[in-house]
Amino acid sequence: MKYAHLLTLLAITCSALPTAAHEITSVVSSTAAPPFDIKRAAASTDGTLAKLSLELAGKAGSILPDPVGSLPGAPVNAYVWVTGLDPAVAGFAAKSGILAVAVTAHPDFDDTPKFDENGDGDAANDGKTWHSHFVVLEKTDACKAGFKVRDIAPGEALPPSAPGLPIALDSPGNTPVLEDFALTLEVPLAGAQGAAFDGLTAGLRVNAEGKTPLLCVEAVHDIASGDLSLPGRIQTKN
């Protein structure tokens, strides 16, 4: 399985973090489409907000998934910052997996019911507009790329802006900025100073039968570090 080893690397990295560069410069991908080919990943914090950025070889967000017409089987395109932070800092259960911040688009469903991203007065039709999430990733052999958004048990505590899906997913409502070959996002993330991070681009898919795992990472297009070793560090900036 092509990327099944990545979560093992993450587990090792998060338990013993080496000295590393502040940002990550990425080599040109031989396989990723230019809008998903990462050239640079960076992250900084003022102590309250984390500013995350990706520089890409092609126009950011210019490729949307082809809709299938329903939530079951729906594809998702994603730009992701994987971190070494405990999921508890974003309101999830402590030590429950790998905390990541994602900017996603998926024309078949809306998972930000409290926000009207496209400004048309309807908060339930914005799935194809690029928007942000906190997610908790977990290893599984049931997904093609070796990991998934963690499925949760009924009644498990989630952040207050979670959209109600049975997965560790939050919709904080922070708007990404996609401009030319760059993508930036600011999210509330206390205690992020010095935390490890990496960048990746990926395709996910909702289980066509509504079973677990509900949301699989189906394909990884590019990884900033090349091996998801989280060599970046979130730096403090005023």
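A disulfide is a pair of cysteine sulfur atoms within 2.5 Å. The model is a predicted one, in which local features need pLDDT of at least 70 and side-chain atom pairs count only at pLDDT 80 or more, while totals for chains, interfaces and linings use all residues. Residues are numbered from 1 along each chain as its sequence is written, and side-chain values use heavy atoms, with hydrogens and water left out.

By this rule there is 1 disulfide. The bond runs between Cys143 and Cys216, with an S to S distance of 1.9 Å. The angle about the S-S bond is -70°, and the link of Cys143 and Cys216 is left-handed. Helices (H or I, at least four residues) and strands (E, at least two) are DSSP runs, numbered from the N terminus. In these terms Cys143 sits in the loop between S6 and S7 and Cys216 in strand S12, so that the pair, 73 residues apart, links distant parts of the chain. Buried means under 20% relative accessible area, exposed over 50%, and partly exposed in between, with a 1.4 Å probe and protein chains only. Cys143 has a relative accessible area of 1% and is therefore buried. Cys216 is buried too, because its relative accessible area is 13%.

A cavity is a set of points, on a 1 Å grid over the protein atoms alone, where a 1.4 Å probe fits but cannot get out; its lining residues have an atom within 4 Å of a point. Grid points are joined across faces, edges and corners, and a volume is the space filled by probe spheres set on the points. The count is 1 cavity of 30 Å³ or more, and the largest cavity has a volume of about 220 Å³. Its lining has 23 residues, of which Val76, Val135, Val149, Leu204 and Leu215 are the closest to the centre. Among the elements that give two or more residues to this lining are strand S4 (75-83), strand S6 (131-139) and strand S12 (215-223). The largest share, 4 residues, comes from S11.

Strand S6 also holds Ser132. Ser132 is buried because its relative accessibility is 2%. A polar atom of the Ser132 side chain lies 2.6 Å from the backbone oxygen of Asn174. Contact means heavy atoms within 4.5 Å. Leaving aside residues up to four places away in sequence, Ser132 touches residues including Ala102, Val103, Asp170, Asn174 and Leu185.

Notes
On a 1 Å grid over the protein atoms alone, a cavity is a set of points where a 1.4 Å probe fits but cannot get out, and a pocket is an open set with protein on both sides within 12 Å along at least five of seven lines; lining residues have an atom within 4 Å of a point. A polar contact is a pair of N or O atoms within 3.5 Å; within protein, one must be able to donate a hydrogen and the other to accept it, and residues adjacent in sequence count only if both atoms are side-chain atoms.
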